[in-house]
Every structure is written in C-alpha cells, then in structure tokens.
Amino acid sequence: MDKKIKTLSVYRKNLAYNTLGELDANQPEYLASETEFELPHGKVVKDTTWNADGQIEQQMVYTYTPDGFLLTEEMIDTDGSVLEKRTYEPDSINQVATEFLHYADGSVDCTKFFRDKQNRIVRK
C-alpha cells in the first residue's frame with residue numbers, strides 16, 4: 001500500500017552573525033510554510049506561509065470537484081477575509097473553459113479559453 005503525504009511542513013532557521021562576526025547557528029527554527037493535500041487526488045487544498053515572528057504572510061485555499069477539477073482559489077488575509085478569489089468552469093474534458101476573477105467591490109472579470117484540436121490554448 002502506497003503512503004500519501006497529507007501535510008508538508010517546511011521549517012527555516014535564520015542564520016545570523018554575532019558581534020565578533022562569527023556565524024551564530026543557535027537561532028531558533030520556525031515554521032515557514034505548510035501545505036495541506038486532499039486525498040486521493042493529492043491536490044493542494046491549503047498553502048500557508050509564515051514569517052519568522054509567526055505571523056501569517058499568505059494563505060491560499062483551493063477547492064475541487066470530486067474528480068479533481070480546480071473550482072476555486074482564494075487568497076485569504078490575516079483577518080480571514082478573502083483578498084482575491086478565482087473560480088473556474090470546466091469544459092467537456094475537464095480543462096479550464098472559463099476563469100472568473102472576483103474583486104472586493106463585487107465586480108468580476110471573465111476569461112474564456114479557446115483550444116485547438118490538440119487541446120492547446122490558442123486564444124483567451
């Protein structure tokens with residue numbers, strides 16, 4: 001049975017020099033980023049980055065259809081509000097047909113994707 005990663009955490013350590021100009025390797029580690037995956041598709045559902053002070057710098061949240069098509073991407077502010085939201089609609093073969101960029105004022109930009117017979121994007 002294959003094991004699947006559900007969460008990937010990255011820790012960092014700031015390297016600093018002391019007053020004598022020597023490298024001080026005794027700096028504390030901190031959680032720099034954490035990525036959560038959904039199973040069974042292994043798609044990213046949340047990606048969070050922190051600064052050395054433990055404050056969230058950026059958080060992205062993703063949702064998918066049961067068959068793994070990306071439906072939404074949201075950039076979340078430190079207070080939990082949505083800074084930016086993108087939603088997607090699939091075509092008949094589960095590729096992005098339309099992308100919507102939702103703004104804080106309620107307006108929306110729409111991008112339609114047109115593909116050739118080899119499913120390459122030829123126009124937006």
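I started with Lys-85, which forms a salt bridge with Glu-74 (a side-chain nitrogen of Lys or Arg within 4 Å of a carboxyl oxygen of Asp or Glu), and I got 3.8 Å between the closest N and O atoms. Lys-85 sits in strand 8 and Glu-74 in strand 7 (residues 70-76), so the pair ties together parts eleven residues apart in sequence. Strands here are DSSP runs (E, at least two residues), numbered from the N terminus.

A note on what I'm looking at: this is a predicted model, where local features need pLDDT of at least 70 and side-chain atom pairs count only at pLDDT 80 or more, while totals for chains, interfaces and linings use all residues. Residues are numbered from 1 along each chain as its sequence is written, and side-chain values use heavy atoms, leaving out hydrogens and water.

Next I checked cover. Buried means under 20% relative accessible area, exposed over 50%, and partly exposed in between (1.4 Å probe, protein chains only). Glu-74 is buried at 19%, and Lys-85 is partly exposed at 28%.

I found five salt bridges in the structure. Another one joins Asp-91 and Arg-115, at 3.9 Å from N to O. That pair links distant parts of the chain, 24 residues apart: Asp-91 is in the loop between strand 8 and strand 9 (96-102), and Arg-115 is in strand 11 (residues 114-115).

Then I looked up Thr-87, also in strand 8 (residues 82-90). Thr-87 is buried, with a relative accessible area of 15%.

How values were computed
Helix = DSSP H or I, 4+ residues; strand = E, 2+ residues; numbered from the N terminus.
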